[in-house]
Amino acid sequence: MHGEYKVPGGKLVVVDVETEDGVLRHARVAGDFFLEPDEALDAVNHALEGAPADTDAAGLAARIDAALPTGTVMYGLTSEGIGIAVRRALAQATDWTDYEWQLVHDGPQPPVLHMALDEVLTAEVAAGRRPPTLRVWEWGAPAVIIGSFQSLRNEVDAEGAARHGIEVVRRISGGGAMFVEPGNTITYSLSVPESLVQGLSFQDSYAYLDDWVLGALGDMGIKAWYQPLNDIATEAGKIAGAAQKRVVGPGGGPGAVLHHVTMSYDIDADKMLDVLRIGKEKLSDKGTRSAGKRVDPLRRQTGLAREAVIDNMIASFRDRYGLTPGGVTDEEGARAQELIRTKFATKAWTARVP
């Protein structure tokens, strides 16, 4: 069995391993990482030998750490990263490059339609009727997008939203509220087969699916990193937040994962604070006193037009994994409109947690 895992911000780890009578045999770790001394690699392989095949990544990492020679130095590599690569091998996980990726990048659309398209396209990927998809959103109107489990009244100032003409919609994924305006926000979705994140914990899947955009930002001169659980940050502050939803496949079979990210290109902080109820508890866990300082826009950090940032991101993804232009089919569009009518535009959904 063969597994690969790129350590976030680091290097690729490759593991080939067999199982026999419920334990690991003949494990061989390789990759483009740096490791000193040389004998540390043999120690890693020996640590994996005989480990129960159901040992999780943390347990495998503990075995490796205990076996490493004193003074071992890893660069671009972690013991946990090796453990994850082993788990992905055993789960027969797929890799980004195993797929023909499709790009969907249409013109501005209503916020409620974006909610419906996320559900429809991810379900189509789960059913095997659509290839893995990168969808870049264009906003047709300002909006507040609240997480699936958030309280409407606790997150949104209804009077402030009405005063600024801001629509409130609820998405299918968890996480926090997003304040978006058409020219100030960059949002994208990844709808991917579940096999792409097999062997990863929920937290590790965020880092794994965000890694390409960290590279894209780096290409634009921004040193960014994944900040658990679902933020992308730089030295200047948070620039993006991610959320996920797992979708079960037909008949309960292998499904798909929706991973979407909203990035602040620019932001009207005063308007945001007039619409969102950002509590002191939420601010305290971000290490800041001012809600206006929680997000640092990409415009300031790149000096590029919003369209140029998006073009650079798409080009970076294409260079890494390949990307073919595509679009929403008529059938997918019809299903999305039906979901708007029966779900996303209804008060029962938007206020399901009052």
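Predicted model: local features only at pLDDT ≥ 70, side-chain atom pairs only at ≥ 80, totals over all residues.
Residues are numbered from 1 along each chain as its sequence is written, and side-chain values use heavy atoms, with hydrogens and water left out. Local features need pLDDT of at least 70 and side-chain atom pairs count only at pLDDT 80 or more, whereas totals for chains, interfaces and linings use all residues.

Across the whole structure, 14 salt bridges are found, each being a side-chain nitrogen of Lys or Arg within 4 Å of a carboxyl oxygen of Asp or Glu. Glu 124, Arg 129 and Arg 335 are linked in a network of such bridges, in which the side chains of Arg 129 and Glu 124 meet at 2.8 Å, N to O. Arg 129 is exposed, at 57% relative accessible area, whereas Glu 124 is buried, at 6% (buried means under 20%, exposed over 50%, partly exposed in between, with a 1.4 Å probe and protein chains only). A salt bridge of 4.0 Å, N to O, joins Asp 219 and Arg 320, a pair that links helix α7 (residues 202-219) to helix α11 (residues 306-321) across 101 residues; helices are DSSP runs of H or I with at least four residues, and strands runs of E with at least two, numbered from the N terminus.

The buried residues of helix α12 (residues 330-344), among them Leu 339, Ile 340 and Phe 344, pack against α4 (111-127), β9 (167-170) and α13 (347-350). In helix α1, Asn 45 is buried at 9% relative accessibility and is in contact (heavy atoms within 4.5 Å) with Ala 27, Arg 28 and Val 29, leaving aside neighbours within four places in sequence.
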